[in-house]
Amino acid sequence: MPATRKKRLRRRTLRQILGGVRRRARRAAGTVRRVWRRSLQLQVVTSTLVISVTVVVVLGVFLSDQINKSVIASRQASAASEAFADRVQIADALSQQPDEQAKPSDSGKNVPANPLDGVMDTITGSVEDGSKKRYEVLVLNPAEPGASRASGNVTPKNVPEALRQGMRRQIDKLPYDKPQRQQALIRFTGEAQPRLTLVIGGLVSPDSGGVYQVYHFFPLNEEEQMLSNVRLAIVVVGFGLVLLLAAIAYLVARQVVTPVRLARQAAERLAAGKLDERLKVRGEDDLARLATSFNEMAGNLALKIHQLEELSQVQRQFVSDVSHELRTPLTTVRMAADLLYDSREDFEPMAARSAELMQAQLERFESMLADLLEISRYDAGAATLDLDSVDIRDVVLRAIADSEALAERHSTRFELRLPNDPCMAEIDTRRVERILRNLLFNAIEHGEGRDVVVTVGADRDAVAVAVRDHGIGLKAGEETMVFDRFWRADPSRARTIGGTGLGLAISREDATLHGGWLQAWGQSGEGSQFRLTLPRAAGVALKGSPLSLVPPEIEMRRTWRGHMTPVLLPASGDGAVHDEV
Amino acid sequence: MTRSRRLGAALAIVMTMFAGTGCAVIPVGGPFPMEGAGGGEELSKPFQRMIAVPPQRDWDPVQVVKGLQAAMAAYADDPTVLPAYLTPEAARAWRPDGPVTVIGNAPQFSYESKAGGKEVVIKLVGTPVARIEADDTYVPASSAAQEMEIYFTLVRDQQGAYKVKTIGSGLGLLLTVDDLERAYRPTNLYFLAGPPAAGGVMPDRRLVVDRVWLRLRPTENFAQTIVRRLLGGPSKALHGAVGSVFPQGMSVRSVRSGDDRVVVDLAGPIDPEGVFADGLKAQLKWSLNSNNMANGRTIEVQLDGEPFFSSDSLTVPANWREEWLDNTVKPAYFTSRGAVYSLNKDEPGNAVQGPAGQPSEHRDMAMAESGDLVAARGRDGVGGIWVTRIAPDGQWEQWIQGARLTAPSWRRDGTLWTYDLANAAVIRCDPAAGRGPERVAAPGLDGLDVTSLRVARDGVRVAVTIGDSEVRVGAITGGAGAPMLGNFQTLTTVVDERITDIAWLDGERLLVLVQSKDEKVQSVREINIGDGETTQLPTGKRLKSITALRAGSAGDRILAATEDSNEILEFSKDKQAWSRLVTADQGKPFFPLG
């Protein structure tokens, strides 16, 4: 159906747009979060901004409220007193006897027949020389004809209904007259816009009878105008204050943050090995003292490192020297021992056995000495690679062939998982073979006779070999310690294959020399796995390994148990494994 | 700078700021130059209004009629209440238009039929005071008028409340004096002297006052009401006699207060380029200022909310000094033994030059505006109107013949006016045009016993006495070629008294010297010709004749000649008393014109 398709298309488009927007928003939020987390200055300014906005808003509202109250209250008070005075005047005028009113005044002016007219003239300022009042008055007496008056343009309709009803209710309760007020927006006759007006209603009940409702209309537009000006001023000042505070916070934060930032950069450079990095010290304040302390620390650190380096150098030199020095007498001893060994059949059985023992231990001594020399070469930085492009499978097969004899002794079988295609890599075959031999020997040694699985993997950038045994495994935390020199898991256990305790350390150095990784995984009762990952091309940094460090069956079991967190140790180069004893 | 010193400096700054700003709420200081403050008069005067209330069910018929009258007083502001007093038929039949009747306060009400009946008739008896015509003219009721009786017929409606079924004798709105004072204001409008010219330039830069009574409108300021009425043209009394720069169909959009000015916003078919702008300015300025509106403020005239002229605005500066009213101080004269003397402030002056200064038998002297021509009636038996120049070589010449002529009266255009009693005709003599005496049509005076004729100083109004009991005021209408007298209306009538002399004070007020028939009581009445408002001046000695002049800021000068002691007296308004100026033998005081 074309329509449905169209709709779907549109929906998809909309969803895509939404998705795009969401992605962009998330990215922007991420950027903001990152900037926020990285900038102390931004944090200080933002916090100041938020706090000052809160304070200014609270203060502004309070201030505005107070001013409102005082202005309106004073206006209401003056209005109430004016209204009261007018009501008294009206009551007085209306209470006078009619004959008093009828007397002609001296001025010869017409005296109004209704005293209400006279008093209204006075109140509204309609008399000669009268001035216009600020308010309008409405006198209402619906019960009598011609007894209602108003000034200006107010009409009875302008009285708010609630106030009118309040007045009506009061008429019944006389003489308990209590004026009422109401503020309302009133649209007067002939005016386009309603005006804010304070209406005060009161009752006048003169002695002559009748009840007059007197309403005063006080315009509040001037007050409203003033208050809105004040409010505008408060808003503008508040806004300015917030900006000012933010600027101040920015400046102050910059004063503090800039030295801190310099200190951080110096520390980073120090961490990167530039031990002569120092901070400039200005003044005597806390930051200056921080800089002084930093400089002292850096100085002490450099001194200590230098001392340690020297010490380490001395130790290495010592080991190297000792190894070399031992070689010469050892050669002599070896020659003598070989002589004895070759003629052991001529000796007494006891002597013959001693000659064999001496021969064996001499071999071990020699290999240990060789390992020591090798590792001292590494320490001296003298190790070099002899690179050759080879198929790693061949290297693996050669190493396995070398290990066959030992495997047979331990009744261990190898299970090989090799890819069909060649796995070419630029490697130093001698060193890689040594690594693999080491790993295989360890696996046989700790495999307790069970199968050792050797897996080879490759991808575009790297090749990897994993050696898996099913022995006692490693305890937590031992994955890194296995690569330490002369480390052993259980010191009580005897070395059966005559390891020197330096094999894995050397292997790690070999792998690192290739730019590769040697890592270990192990778990108590589950055996262990060592993985060697090497770049196909020398000098290329590794991004990952073609093989998993954790054996696939363990991984699957974990997944099935619901542990969805595959254990992937950081590819830091530090692995774990068995002690090679 | 050390830390303590820095701290001290900061403290000093803070203290200075506190001292400068924090101590005084309103700082003392000055003097400073001020912006031009928008002072001046308000555009509205405070006023109160009657509020009409609908009839209550428990009201008796008299209360209903009182309420109806109150509703009439409030009708212009709120026409919705009044019909509630009337039966539906009466509401349909009654018309509020027509003249407004004004009666005295507290009219009497009485039942003409049995109270409480099905149909009740209430009689209202009131003293007629005035009538306000549709053209806002205030026509005072004659003092001889009878009490006014108005009958109201009331019936009960279905709810039992009384409603007015008929209102007596086609009565429109009925107001009491109080109602009038509340809602109306006497207002002077100013029009250009001379008959209306069709778009041409007005010949005389002079204004004529037209007094009307305007109703205050709560929805607009009074200035706007004045301008609206000004645009409506003159009242009947000046119809055809004065002109206005505003063509018919003009309206006022608003009159509002600006910063330092009053803005009059007009609309209508006026041609800004061709209009007589000075006349427009004068009409607006005097019409507003004389009613205490926009005094001391610049008036800006706008057309449809835009500047009046396409390129510029039309403003009347507050200090526009041009004089459009004849308020100039003029010398006073008096006659003694037929000779004209100038009258200085407190002493007799010299006789004027020429034959006018010589004793003669000429009577009723009148001086032209220029002060160089004197007209007089000839001695008994000769008659006629004689005129001489005030110059050594002047000679008495007879300008108008006739045995029975009234005293001559100069108009400000130099023409000489009198009334020929024998032929019952108004005679005019125009020496500038080289024309001899000619009759002027005056249809309003046909068949009347005209005993004196006085042309006012504004050159438009004319006052005549009819017999010795009535004064009528009219106007000179028609163009210069064919003037006529018209628009005559009774200003005052006297009963049991006789009018012995009249004199114009200015174009607005006429002095009337009245004597009771028994010759015992005499009074001088200053009557506003617009609304008959009368001020009585006291008299001491018996007066023979009066003359008066309004001389701007110098105030009014009122002179009189006594009948017995041959004295010239002057009235002092401050002292409210007459004081003697000079002695004159059979003399009369007079001012030029009037």
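This is a predicted model: local features need pLDDT of at least 70, side-chain atom pairs count only at pLDDT 80 or more; totals for chains, interfaces and linings use all residues.

Student: Which residue of E1(B) stands opposite Ser151(A)?

Tutor: Gln48(B) in E1(B) stands opposite Ser151(A).

Student: How many residues does each chain bring to the contact?

Tutor: Interfaces can be described in more than one way, and the size of an interface is often given as the accessible area lost when the parts come together. Here we count residues instead: the contact takes 28 residues from chain A and 24 residues from chain B. On the side of chain B that touches chain A, strand E1 (48-50), helix H2 (61-73) and helix H4 (177-183) each supply at least two residues, and the largest share, five residues, comes from H2(B).

Student: Is H2(B) mostly covered or mostly uncovered?

Tutor: H2(B) is mostly covered, since 11 of its 13 residues are buried; among them are Pro61(B), Val64(B), Leu68(B) and Met72(B), together with the charged-side-chain residue Lys66(B).

Student: How should I now look at chain A as a whole?

Tutor: Start with the inventory of chain A, which has 13 helices and 12 strands, and in which buried residues make up 27% of the 581 residues. Then ask how far apart in sequence the contacting residues lie: among contacts in chain A between residues at least 6 apart in sequence, 69% join residues at least 24 apart. The domain assignment gives domain 1 (104-223), domain 2 (286-379) and domain 3 (388-560), and the C-alpha centres of domain 1 and domain 2 of chain A lie 117 Å apart.

Student: Why is strand E12 of chain A described as largely enclosed?

Tutor: The way to judge a strand is to look at the burial of its residues. Strand E12 of chain A, residues 527-535, has nine of its nine residues buried, so it is largely enclosed by the rest of the structure. Residues pointing one way from E12(A) include Phe530(A) and Leu532(A), those pointing the other way include Arg531(A) and Thr533(A), and all of these are buried.

Student: Which strands run antiparallel to E12(A)?

Tutor: Strand E10 of chain A, residues 462-469, is joined to E12(A) by eight bridges, with Ala462(A) opposite Pro535(A). Strand E11 of chain A, residues 517-523, is joined to E12(A) by seven bridges, and there Trp517(A) has Thr533(A) as its bridge partner. Both E10(A) and E11(A) run antiparallel to E12(A). The hairpin of E11(A) and E12(A) has three residues between the strands, and in this hairpin Gly525(A) takes a positive phi near 85°.

Student: Finally, why does Leu220(A) count as buried?

Tutor: Burial is judged by counting neighbours, and Leu220(A) counts as buried because 21 C-beta neighbours lie inside 10 Å, where the cut-off is 20 or more. Leu220(A) sits in the loop between strand E5 (212-219) and helix H6 (221-271) of chain A. Leaving aside residues up to four places away in sequence, Leu220(A) touches Arg75(A), Gln183(A), Leu196(A), Thr197(A) and Leu198(A).

Conventions. Residues are numbered from 1 along each chain as its sequence is written. Chains are lettered from A and ligands numbered from 1 in the order in which they are written. Two residues are in contact if their C-beta atoms, placed from the backbone, lie within 7 Å. Helices (H or I, at least four residues) and strands (E, at least two) are DSSP runs, numbered from the N terminus. Two strands pair if DSSP finds at least two bridges between them. A residue is buried if 20 or more other C-beta atoms lie within 10 Å of its own, exposed if 12 or fewer, and partly exposed in between; C-beta atoms are placed from the backbone. Domain bounds come from an automatic or database domain assignment.
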